[in-house]
Amino acid sequence: MYQQAKHDRRLIMERDGHSDFDLPFLKELTDQDIAIPTGMRRTVLDLPSLPEREVVKHYVNLSQMNYGVDNGLYPLGSCTMKFNPKYADYLTSLPSVNCIHPWQAEETMQGALQIMHELELALCEISGMDAVTLQPAAGAHGEFTGMLLTKAYHLNHGEERDEVVIPDSAHGTNPASAAMAGYRVVEIPSSKDGRVDLEALKAAMSERTAAFMITNPNTLGIFEEDIQQIAKIVHTAGALLYYDGANLNAVMGRTTPGKMDFDIVHFNLHKTFATPHGGGGPGAGPVGVKERIEPFLPVPKIVLKDSKYSLDYDRPESIGKVRSFYGNFAVLVRAYAYIVRMGGNGLKAASDRAVLNSNYLKKQLMDVYPLPFRELRKHEFVVSAKLLKDQKGIRALDVAKRLLDYGYHAPTIYFPSLVEEALMIEPTETETKETLDEFAAVMKRIASEDPEVVRSAPHNTAVKKVDEVYAAKEAILSYRAFKRRGTDQKS
Amino acid sequence: MIDGRSHDTQTHAARKVFNHDSAVTKRVVMSQEIEMLAALGLSSLDELFVDVPKEVRIDGLNLPAGKSEIEVLRELKAILAKNLTADDHPCFLGAGIYHHFIPAAVRTIVGRSEFLTSYTPYQPEISQGMLQALFEYQSYIAELTGLDAVNSSTYDASTALGEAATMCFRLNEKKRFLIPEAMSWEKKSVLSNYVLGLKMEIVEYGYDPITGELDLEDLRSKVDRDTSGIYVETPNLFGVIDTQALFLKQEFPEAALVVGVDPISLGVLKAPGDYGADIVIGEGQSLGIDMNFGGPLLGIFACRQEHVRKMPGRVIGMTHDSEGERAFCMTLQTREQHIRRSKATSNICTNEALMAVAASVYLSILGKEGLEGLAKVNIARARKLMDLIGEIEGFDSPAFEGSHFNEFVVRTSTRPEKLNRLLLKHSILGGVPLAAHVPRLDHHMLFATTEMHSDADHEALLKALKEVA
């Protein structure tokens with residue numbers, strides 16, 4: 001069975017030594033060289049001092065108490081934890097990627113602009129959109145950008161629409177992003193088969209509706225077959241149709257948001273385009289739009305003219321900026337490398353395989369973990385642990401924790417909330433049949449294990465079950481705050 | 001490699017190419033696929049997509065076919081080679097992004113695939129490594145800023161500022177937010193987008209034309225009863241250490257004080273928490289993160305402990321496991337989008353966690369003496385360079401009398417853009433023209449210098465400037 005490494009848990013601040021870091025110029029400095037205004041000089045700087053050897057040991061040991069895609073299956077639904085190819089990482093180690101200053105003159109950044117421009121074109125083709133901005137730093141940031149674009153578009157048409165309609169199965173970022181842009185969020189219930197309820201949608205639409213945000217396939221992994229009617233209802237009301245691209249990995253080369261008549265789409269390059277998730281980031285959340293929304297995209301726009309790339313800031317209708325500079329360039333380079341490596345054929349094959357893997361795995365699990373909604377799934381599926389809960393008192397959370405003992409990351413749990421005891425599983429295309437078979441066998445074995453062993457899991461990770469209630473109650477967010485309390489929480 | 005025009009020229013047949021080019025890949029994938037399809041009672045992949053209505057189906061993607069790794073690397077490296085880099089050209093650009101030294105150990109740790117290929121630590125028991133590294137990041141920033149509560153990152157300084165402004169509204173439900181006129185135009189633009197939803201009013205206050213510090217008189221005239229927050233940067237856009245920041249909390253106790261910092265400068269400068277800051281933000285790129293053409297970066301966000309439940313973003317808390325051993329987990333998640341949905345304090349989900357780990361490792365390698373020394377070297381090197389430029393005819397340097405950190409404003413008789421073109425002929429990446437940020441400073445530019453510049457680099461710049469003059 002899997003056993004994660006377990007190292008001592010002292011903080012780097014609790015370790016002793018002497019730093020061996022050195023700098024030129026330091027020895028020859030005099031006090032006259034360093035003018036720090038009165039009152040501004042720091043008197044206390046309580047940082048550790050350790051030789052590099054100790055620092056590297058500390059962090060390598062910490063890394064051994066962490067689990068990534070490179071360690072094994074990471075079927076975290078909605079997050080598309082596919083394998084991150086290493087050639088893409090390698091490119092970002094080049095000074096021609098990581099050592100360019102964003103304020104350099106255009107003629108000194110032609111390579112960077114070319115990569116970004118070509119990535120924009122590729123994303124246009126993959127999404128069926130007319131123009132793309134690479135600026136947003138993450139999916140939610142792309143959503144926020146999309147909402148700002150929605151606002152600018154309607155204002156430009158003399159309309160102050162103030163509501164955004166969202167299905168109850170949507171990612172939490174959707175309502176949060178719409179609210180951040182000042183919209184009132186109107187949530188509509190899903191139909192009995194887990195899809196958009198057309199009647200509820202019609203009832204929610206009005207002259208106040210600015211946009212309808214959905215993902216297709218939705219968070220249950222179900223393709224919204226009524227997408228054309230949905231688009232028609234939304235557009236008839238004068239609203240825009242927003243595509244949450246979190247689930248784009250299901251449909252590349254099979255359909256596009258553009259073809260489905262979406263107006264705005266965000267991409268998660270760290271999902272669909274295989275860039276590493278970095279323990280929570282960085283990602284990248286480019287936004288694609290139809291032509292009529294293009295004037296409002298953030299500045300600058302990359303322009304290719306006479307074989308020379310330039311940055312166009314002179315765009316009077318633009319929403320301005322959503323972050324500094326041009327986007328998470330090192331992530332963009334990785335995504336571009338992935339697209340070139342895969343090609344149009346490879347991307348389609350990736351989506352096909354993602355859907356095949358998902359349906360195959362679902363089939364293996366169905367007997368033990370019933371499926372609340374329809375049969376055919378796309379790249380992910382949601383099963384319920386309700387049966388296990390009723391029969392043996394094993395909840396979705398327990399299954400998730402027990403999976404860790406077998407060396408798997410857990411699926412997403414308790415989402416979407418319309419499924420009781422939900423386990424949302426996304427195997428991705430980069431897993432072999434063998435891996436899926438093994439995972440399915442473990443899922444089944446957990447269902448037949450001694451319920452007490454499952455409920456007290458995990459047993460084989462660096463720590464046992466973590467007390468999250470205590471963490472929230474005490475809110476100790478730094479060593480400084482911890483020291484102030486004077487006592488370790490053990491006592 | 002990818003060309004917009006190819007859309008029309010590629011043949012239909014080319015679009016129908018199904019699988020990877022590599023015959024080996026194709027064979028392995030196909031045999032597995034057939035077996036799996038059979039298990040589903042299907043005979044083709046197309047049958048998995050019958051739920052996609054015919055009218056919205058496409059027949060593959062109109063992109064070039066896949067390439068081998070050799071070709072991909074060869075072609076991308078050739079494109080990237082068109083960039084000039086600060087690696088082989090002395091670069092005096094700053095204004096938010098700085099070319100600092102990154103110890104090799106930082107790359108070693110950040111490249112650990114257990115960190116690199118993990119995601120947000122939703123399952124704390126199997127993610128203690130990332131959680132502890134992020135807790136240590138929060139701890140470092142807490143110590144530097146003098147505030148106990150730190151989140152595990154926002155996207156960059158500009159979005160941190162946007163989040164800070166909306167947090168000020170949550171603190172006091174007021175809508176006026178004051179910012180310096182002398183601030184990056186990009187930050188101003190991002191801020192205006194972040195406060196759009198709340199309809200907050202952004203008001204600019206001026207700077208003292210002699211010292212380059214903020215104009216306290218002007219600020220007084222603009223603070224009113226509806227003022228939610230005051231934002232001040234130190235060092236500011238001009239590279240000036242703004243001593244007026246020290247008095248703002250006393251002067252305006254009703255408004256939330258938001259201080260923007262360069263974290264390296266905090267090696268020698270007073271922690272803003274010690275002069276009353278409610279929120280401290282900053283660009284963490286200086287802390288061991290590559291310039292990366294401007295991204296990924298690291299938005300620093302810290303606040304007073306009493307404000308913690310109003311703060312945006314992921315936070316890591318210390319706790320214990322079922323056996324009483326120290327452990328870490330994400331906490332205060334009821335503020336966040338996946339729980340609170342439209343009532344969340346922010347929509348942020350994916351952040352810049354790996355960059356926070358880089359900052360943690362970087363600060364660990366430098367240690368107390370290293371960070372303090374680095375800050376001193378930056379101050380001293382900038383001081384030396386600004387004085388030497390000031391000795392050249394046609395340059396007024398530094399243009400402001402305040403104390404500087406690692407960049408400074410130079411007034412030039414030559415237009416900054418022209419000057420930069422001339423410097424580029426000497427293989428030097430010049431300074432940032434200021435007019436884009438502060439329009440009336442059209443003959444001014446910012447020069448930044450750090451520990452990366454040798455004496456020879458400084459001499460090369462001075463020699464080139466003399467030739468221009």
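A residue counts as buried here if 20 or more other C-beta atoms lie within 10 Å of its own, as exposed if 12 or fewer do, and as partly exposed in between, with C-beta atoms placed from the backbone. A nonpolar core is then a set of buried Ala, Val, Leu, Ile, Met, Phe, Trp, Tyr and Cys residues joined through C-beta atoms within 7 Å.

You're looking at a predicted model, where local features need pLDDT of at least 70, side-chain atom pairs count only at pLDDT 80 or more, and totals for chains, interfaces and linings use all residues. Residues are numbered from 1 along each chain as its sequence is written, and chains are lettered from A in the order in which they are written.

Let's start with the core. The largest nonpolar one has 312 residues, and those with the most contacts inside it are L332(A), L423(A), A302(B), V357(B) and A359(B). Its largest share, 22 residues, comes from α13(B). Leaving out residues up to four places away in sequence, A359(B) touches Y137(B), Y140(B), G284(B), L287(B), G288(B), I289(B) and L298(B); touching, or contact, is when C-beta atoms, placed from the backbone, lie within 7 Å.

Now for chain A on its own. Buried residues make up 59% of its 491 residues. There are 16 helices and 12 strands in chain A; these are DSSP runs numbered from the N terminus, with helices being H or I of at least four residues and strands E of at least two. Its C-alpha trace spans about 75 × 70 × 45 Å along the principal axes. Among its contacts between residues at least 6 apart in sequence, 71% join residues at least 24 apart.

How do the two chains meet? 172 residues of chain A are in contact with 173 residues of chain B. On the chain A side, the largest share, 21 residues, comes from helix α10 (residues 329-365) of chain A. That side divides into 95 nonpolar, 49 polar and 28 charged residues, where Ala, Val, Leu, Ile, Met, Phe, Trp, Tyr, Cys and Pro count as nonpolar, Asp, Glu, Lys and Arg as charged, and the others, Gly among them, as polar.

An α-helix has 3.6 residues a turn, so residues three or four places apart point the same way.

Key:
Contact = placed C-beta atoms within 7 Å.
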